[in-house]
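Colleague: Please pick one part of this model and take me through it closely. Then show me how the rest of the chain is put together, with the cut-offs spelled out.

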Amino acid sequence: MLMTRDFSHYVKDVDADTAHLDLAVEGVSCAGCMAKIERGLSSIPDVTRARVNFTDRRLAIEWKKGALNPALFIDRLAELGYKAYPFEPMRAEIEEASRAKWLLTCLGVAAFASMNVMMLSIPIWVGTDMLPETRDFFHWLSALVVLPSAAYAGQPFFKSAWQALRARSVNMDVPISIGVILALAMSLVETINHAEHAYFDAAIMLLTFLLAGRFLDQKMRQRTRAVAGNLAALKAETATKFVGPDEIREVPIAAVQPGDIVLLRAGERCAVDGVVIEGRSEIDQSLITGETRHVPAERGVAVYAGTLNMSGSLRIKVSAAAEGTLLAEISRLLENALQARSRYVQLADRASRLYAPLVHITALLTMLGWVALGASWHDAIVTAIAVLIITCPCALGLAIPAVQTVASGAMFRAGVLLNTGDAIERVAEVDTVVFDKTGTLTLPELDVVNAGAVPPAVFELAGRLALASHHPVAAAVARAAQARSPLADVVEEPGQGVRTVLDGEELRLGSPAYCGAEAQALAVMSEDPEVSVVAFSRGDERYVFAVRQQLRADAKDTIAALHARGVVVELLSGDREPAVRHAADTLGVAIWRAGVKPADKIAHIEALKRRGRKVMMVGDGMNDAPALAAASVSMSPISAAHLSQSTADLVFLGKELAPVVTAIDYARKAMRLMRENLGLAIGYNVLAVPIAILGYATPLIAAVAMSGSSLLVMLNALRARRVN
């Protein structure tokens with residue numbers, strides 16, 4: 001019977017020509033594993049991308065649509081020595097929890113054996129007058145404790161090494177396994193031959209330290225995965241959809257389409273992006289806005305997936321659902337950051353790939369060299385074991401990924417999402433920040449700035465009339481007036497405004513000419529040239545609303561903070577000169593240009609780069625997209641449209657501009673820590689390897705030194721969680 005495997009359910013379309021599949025891969029334990037998998041799959045014709053996310057052991061593959069059967073990738077991974085299956089979050093969590101429990105059990109066994117064997121070894125070390133028979137007895141007791149313990153506790157390394165060797169390659173676990181097995185074998189031979197020294201303590205201590213390091217590494221990665229897990233927890237799987245005027249039905253989120261009406265009850269999380277069309281409540285939307293206080297939700301207010309409804313029921317008209325929501329986009333950006341590779345990570349990966357064969361060659365040459373100099377085979381093998389153990393490349397393999405993982409998680413918690421792997425390095429080099437004005441230094445929503453000059457009763461009427469218009473300036477009036485009930489029998493005259501009759505009086509909202517308020521409009525615009533105006537008339541009464549985008553509340557403080565860090569700030573905007581001058585003067589930006597077209601922005605940024613400046617462009621990702629691509633590094637607010645097509649390297653959440661400074665601070669600290677970790681890893685080997693080759697390090701000392709270097713690198717990386 002011929003069995004076929006159909007994985008089409010798990011395949012997603014990236015675009016018209018590219019397919020995408022996520023696989024969970026077991027046995028990925030080091031940078032060498034990641035590199036081997038990526039090389040092995042990238043070599044398949046028509047595969048355009050293969051990237052391993054070490055944080056959750058997920059493999060993302062992209063290929064030309066229709067060219068390959070997804071089952072081929074699982075078969076290829078099996079040839080490389082790795083078991084894989086289509087990624088499903090629930091199954092991945094179960095597998096990860098099972099592995100964590102297994103690692104902890106192995107660590108417990110190794111630690112228990114280490115404590116006991118050390119108690120047996122101390123009498124041998126200090127007992128200078130110990131009888132040979134007594135020493136042999138203690139050695140056999142040590143063997144009885146260590147051999148079964150090492151066989152169990154060493155499984156994470158032995159299995160990984162065996163899979164690598166079966167695939168005719170090596171990874172970091174190969175020299176570790178060889179070192180442990182040789183130490184145990186040599187110790188057993190020494191014990192049988194009544195020798196003075198055995199190395200059971202070194203072997204089990206090595207496993208204990210290595211398992212502790214691997215367990216801590218996993219816990220550190222779990223913290224970053226928890227960020228993505230928290231996002232996943234915000235995604236509701238079902239929605240209460242109106243299937244008739246008064247009939248509702250709970251349906252899977254996949255069955256909800258834009259234009260549908262859903263009911264959001266108190267205490268529920270919103271499953272869609274949309275606009276409130278009926279009801280009043282308070283909502284928690286801190287994920288999007290950064291505002292921890294609950295905000296009012298009523299007709300016309302936008303809500304996003306993940307928003308928590310605190311009190312009353314709301315009817316919401318759906319604008320996006322499932323993978324089209326802003327929450328899903330944030331999740332994708334976070335995944336991109338974790339899957340991407342920086343230049344430093346690529347450098348560490350290459351070094352780790354070369355390290356394993358180099359370690360074996362060094363140990364072999366050390367053994368042969370000692371024999372050539374007249375040493376016994378026993379002493380030569382013991383020295384080679386010490387070299388194998390002390391030169392393990394774990395510290396080098398962890399040096400950069402550990403910092404990147406911690407820093408990307410910390411930046412997300414501070415409201416910054418990375419979209420490219422080398423963004424941290426490029427942000428750290430920034431010495432010039434170029435801001436767009438509209439939608440970047442200002443909030444995307446329009447606001448009525450002279451609301452206090454209009455009588456409340458008039459303002460309420462204007463807001464109710466504005467609900468009948470789709471014009472963004474009219475929408476700003478409706479939002480500022482908190483209007484909820486539109487007026488009846490409203491007539492819209494395209495290009496002019498809307499009108500109706502209420503209690504025998506005609507009400508109009510629209511252009512100043514349409515409402516007969518040209519004089520009032522000219523007076524308002526002369527006082528503030530950057531505002532837009534909309535007029536309202538009731539009988540013989542005339543009112544003018546001044547509408548504009550407000551500067552972000554912390555924009556001035558953010559510009560000052562950038563100046564304090566030695567960063568040059570410039571403002572390039574396509575807006576009118578009076579509006580740009582006003583913003584620049586208010587914020588303290590000395591270098592600014594108005595009326596700038598997209599091509600002019602690119603030319604200016606290129607000129608800055610030719611002068612050696614490292615330029616960050618901060619724009620809204622729409623007409624600024626070419627400039628974002630031209631800059632050394634780019635950043636966009638979460639409110640920028642078409643995020644999935646954005647060229648920005650970083651995206652910041654909320655209404656504040658402070659994440660721009662935060663990104664620079666975290667990036668600079670992360671780069672310092674990356675360099676420190678590389679220095680620690682390389683410096684350790686420069687000092688330790690010659691000592692081992694010269695025979696001054698026993699296997700036990702080598703085990704402590706090697707594990708200590710890995711732990712030191714990881715602890716140093718954890719400093720990236722905070723800026724200070």
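Modeller: Start with helix 10 (residues 343–372), which supplies the largest share of the nonpolar patch, four residues. Helices here are DSSP runs of H or I with at least four residues, strands are runs of E with at least two, and both are numbered from the N terminus. The model is predicted, so local features need pLDDT of at least 70 and side-chain atom pairs pLDDT 80 or more, while totals for chains, interfaces and linings use all residues. Residue numbers run from 1 along each chain as its sequence is written, and side-chain values use heavy atoms, without hydrogens or water.

The patch consists of Ile 361, Leu 364, Leu 365, Leu 368 and Trp 377. Areas come from the Shrake-Rupley method with a 1.4 Å probe; for residues, only the protein chains shown count as cover. A patch takes residues with over 30% relative accessible area and no salt bridge; nonpolar side chains (Val, Leu, Ile, Met, Phe, Trp, Tyr) are joined within 5 Å, like charges within 9 Å. Leu 368 sits in helix 10. Leu 368 counts as partly exposed, because its relative accessibility is 41%. The scale is simple: buried is under 20%, exposed is over 50%, and partly exposed lies in between (1.4 Å probe, protein chains only).

Now the whole protein. It has 24 helices and 27 strands. Of its 724 residues, 52% are buried. Contact means heavy atoms within 4.5 Å. Among contacts between residues at least 6 apart in sequence, 68% join residues at least 24 apart.

The largest nonpolar core has 51 residues. Such a core is a set of buried Ala, Val, Leu, Ile, Met, Phe, Trp, Tyr and Cys residues joined through side-chain atoms within 4.5 Å. Val 433, Phe 435, Leu 562, Met 616, Met 635, Leu 650 and Val 660 touch the most other members. Helix 23 (residues 659–693) gives the most to this core, eleven residues. Another core lies apart from it, with 43 residues, including Cys 106, Leu 206, Val 387 and Ala 702. Take Met 616 from the largest core. Leaving out residues up to four places away in sequence, Met 616 touches Val 427, Val 430, Thr 432, Val 433, Val 434, Val 633, Met 635, Val 660 and Ile 664.

Val 433 leads on to the strands. Val 433 stands opposite Val 569 in strand 23. Strand 16 (residues 432–435) pairs with strand 23 in the parallel sense, over four bridges. Two strands pair if DSSP finds at least two bridges between them. Strand 23 also runs parallel to strand 24 (residues 591–593), joined by three bridges. There, Leu 572 faces Arg 593 in strand 24. Strand 23 (residues 568–572) has four of its five residues buried, so the rest of the structure largely encloses it.

Arg 565 and Asp 665 meet through their side chains at 2.8 Å, N to O. Arg 565 is in the loop between helix 19 (555–564) and strand 23, and Asp 665 is in helix 23, so the pair ties together parts 100 residues apart in sequence. Arg 565 is partly exposed at 33%. Asp 665 is buried at 16%. A salt bridge here means a side-chain nitrogen of Lys or Arg within 4 Å of a carboxyl oxygen of Asp or Glu. By this rule there are 13.

Strand 10 (residues 281–284) is joined to strand 11 by three bridges. Glu 282 has Pro 296 as its bridge partner in strand 11. A salt bridge links Arg 280 and Glu 298, with the closest N and O atoms 3.3 Å apart. Arg 280 lies in the loop between strand 9 (272–279) and strand 10, and Glu 298 in the loop between strand 11 and strand 12 (302–303), 18 residues apart. Arg 280 is partly exposed at 49%, whereas Glu 298 is buried at 8%.
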